[in-house]
Every structure is written in structure tokens, then in C-alpha cells.
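I am opening a notebook on this structure and will write down each thing as I look it up. The entries go from single residues to the chain and back again.

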Amino acid sequence: LFILQGFPGVGPRRAAALLDHFSTLEAVVRADEELLRQVEGVGASIARSIRTLASAADAPRVAPFS
């Protein structure tokens, strides 16, 4: 719940609804916007922000030059 509440617009109720719907944090962050919008209280804007942040977390990291 704590991790999901870190997403913009996701408070305790939405975090609980997301976990109830998807069962795991991994399933939430891998869901596409359409699936996320199926959760009560999650609209297009919140679904988009979850996908944007989840996609950024999956992006490969490049180590900075020393």
C-alpha cells in the first residue's frame, strides 16, 4: 500500500482498491491504462501517471561517467 500511495493521486483508498483488483504490486505496475481505469476511483489521469512512472522504473539505467 505504501508504495502505491507514492503515485500521484493515489491515496490509501485507491491503493487498497488497486491491490484488491490486481492482487500484487507487480500486477498493478504492469497493467496498461485500460486495465487500471477499470478500478473504481482510477480515471484516465491517474492511470496515465501510474503507467508513466512504472515505465520509467522499467527503463534501463546508464551509469554516469566517473
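**Entry 1: Gly43 and the ground rules**

I began with Gly43, which is partly exposed at a relative accessible area of 31%; here buried means under 20% relative accessible area, exposed over 50%, and partly exposed in between, with a 1.4 Å probe and protein chains only. Gly43 sits in the loop between helix H3 (33-37) and H4, where helices (H or I, at least four residues) and strands (E, at least two) are DSSP runs numbered from the N terminus. I also looked up its distance to Glu33: the two are 10 residues apart in sequence and 9.1 Å apart in space, C-alpha to C-alpha.

Before going further I noted that this is a predicted model, in which local features need pLDDT of at least 70 and side-chain atom pairs count only at pLDDT 80 or more, while totals for chains, interfaces and linings use all residues. Residues are numbered from 1 along each chain as its sequence is written, and side-chain values use heavy atoms, with hydrogens and water left out.

**Entry 2: the chain as a whole**

I found four helices and zero strands in the chain, and reading along the sequence gave me the pattern α-α-α-α. Of the 66 residues in the chain, 26% are buried. The chain exposes about 4,600 Å², of which carbon and sulfur atoms supply 58%; accessible areas come from the Shrake-Rupley method with a 1.4 Å probe, and for residues only the protein chains shown count as cover.

I then turned to contacts, meaning heavy atoms within 4.5 Å. Among those between residues at least 6 apart in sequence, 29% join residues at least 24 apart.

For confidence I looked at pLDDT, the predictor's confidence in each residue from 0 to 100. The chain averages 89, and 85% of the residues score at least 70; by helix, confidence is lowest in H4, at a mean of 88, and highest in H3, at 98.

**Entry 3: the core**

Which residues touch the most other members of the largest nonpolar core? In this core of 14 residues they are Leu4, Val10, Leu18, Phe22, Leu36, Val42 and Ile50. H1 and helix H4 (44-58) each supply at least two residues of this core. A nonpolar core is a set of buried Ala, Val, Leu, Ile, Met, Phe, Trp, Tyr and Cys residues joined through side-chain atoms within 4.5 Å.

Leaving aside neighbours within four places in sequence, I saw that Leu4 is in contact with Val10, Ala15, Leu18, Leu19, Leu25 and Val28. Val28 lies in helix H2 (residues 25-30) and is buried, with a relative accessible area of 0%. Not counting residues up to four places away, Val28 touches Leu4, Leu18, Phe22, Leu36 and Ile50. I noted as well that Val28 and Ala54, 26 residues apart in sequence, are 9.1 Å apart in space, C-alpha to C-alpha.

Is Arg51 buried or exposed? Arg51, placed in helix H4, is buried, with a relative accessible area of 18%. Beyond its neighbours within four places in sequence, Arg51 is in contact with Val29, Arg30, Ala31, Asp32, Glu33 and Leu36. Ser49 lies in helix H4 and counts as buried at 18% relative accessibility; with neighbours within four places again set aside, Ser49 is in contact with Phe7 and Pro8.

I looked for salt bridges, taken as a side-chain nitrogen of Lys or Arg within 4 Å of a carboxyl oxygen of Asp or Glu, and the count comes to one. The side chains of Glu26 and Arg30 form it (3.1 Å, N to O). Because Glu26 and Arg30 are four residues apart in helix H2, about one helical turn separates them. Arg30 is exposed, with a relative accessible area of 58%.

Last, I looked up Ser23, which lies in the loop between helix H1 (12-22) and H2 and counts as exposed at 60% relative accessibility. Ser23 has a positive phi of about 80° although it is not a glycine. I noted beside this that most residues other than glycine have a negative phi.
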